[in-house]
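Please consider the model shown below. The paragraphs that follow lead from its sheet to its cores.

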Amino acid sequence: MLEEVECWLARRSWSAADRPLDRLLAARATAGEAGRGSVSVVLPALNEEATVGEIVATIRRELMEKVRLVDELVVIDSGSTDDTAKVAREAGARVVHRDAILPRIPAVPGKGEVLWRSLLVTGGDIVCFIDADLKDFSADFVSGIVGPLLTDPDVQFVKAMYDRPFGDTAGQGGRVTELVARPLLNLHWPQLAGFVQPLGGEYAVRRSLLERLPFPVGYGVELGLLVDALHTVGLDALAQVDVGVRKHRHQDGQALGRMAAAIYRTAQLRLSRGHLVRPALTQFERGANGFVPRTHAVDTEERSPMCEIEEYVSRRAA
């Protein structure tokens, strides 16, 4: 590990317990006077009716009603066919459908697409993204990663770090992280080798940075944002906070393969700014007469930085 990264780990890695709520509320008041203290929490959601309600209810109860740390809580529905929107709304979130945001640009499927569009329907100086499939959710996931942005004006991007059990086995989650993302980062962006969960879906970022970054539309969004943030603001502006244990729904091996392909493509584009010869991934499923090939497109589209979108610029100027 680079000596620079070892120093960064000592300076920019914390625990959620390092910043109790009373300290955050005081820091938020000070940050608010400087115009950098409002907080928006965004949950991208696709068919998450089983978990989204409890996450929304916990954030509203602990961080909006008991204390005023979060200003707005928005669920962006990515085309759910279940009761995700209804459950989230009843739990206390504002729910916005992906297709209702920026209709001039037709939406494409993908998590990054939803996160990008969320900037148009939120107003916080700090935007906190939380995945909607978390189980046994704690408000520390939000307060922990928002905390450094409120207490340290030099910090601009904060990732959550945590243990990821796989079923009953500790520490075996995050298979795409260990097999794809971590090797890529260590080999090509060694300054980012200190991030425990580089692909984690829980992170908080200053809007002033987010609006300057391109967003891969699919699963590559977390890697893309992290790499581009490094190049935009430097390692010392990035941080991570330990929030404990993350439990969530695990995907099957083929879904992970498609995720890995999108992440590799995101890295490849940033390494060469070129194009894949064949942006597709063929996988195999056993059928009645043997193995059947299934070919899936790899996400190749990226959205421009939001500060280049006319509607966003007009909204921020109003």
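Which residue in S8 does phenylalanine 129 stand opposite? Phenylalanine 129 stands opposite tyrosine 203. The model is a predicted one, in which local features need pLDDT of at least 70, side-chain atom pairs count only at pLDDT 80 or more, and totals for chains, interfaces and linings use all residues. Residues are numbered from 1 along each chain as its sequence is written, and side-chain values use heavy atoms, with hydrogens and water left out.

Strand S5 (residues 126-129) and strand S8 (residues 203-206) run antiparallel and are joined by four bridges. Two strands pair if DSSP finds at least two bridges between them; helices (H or I, at least four residues) and strands (E, at least two) are DSSP runs, numbered from the N terminus. Eight strands form an open sheet of mixed pairing, in the order S1-S10-S7-S8-S5-S2-S3-S4. Its edge strands, S1 (13-15) and S4 (94-97), each pair on one side only.

Helix H6 (residues 140-151) lies across several strands, including S5 and S8, and runs at about 145° to S7. Such angles run from 0 to 180 degrees between N-to-C directions, with axes fitted to C-alpha atoms, for helices over the stretch in contact (heavy atoms within 4.5 Å).

The largest nonpolar core has 49 residues. Such a core is a set of buried (under 20% relative accessible area, 1.4 Å probe, protein chains only) Ala, Val, Leu, Ile, Met, Phe, Trp, Tyr and Cys residues joined through side-chain atoms within 4.5 Å. Helix H9 gives the most to this core, with seven residues. Phe157, Leu192 and Leu238 have the most contacts inside the core. Not counting residues up to four places away in sequence, leucine 192 touches Leu185, Leu226, Val227, Leu230 and Leu238.

Technical notes: Buried < 20%, exposed > 50% of the residue type's maximum accessible area, 1.4 Å probe, protein only.
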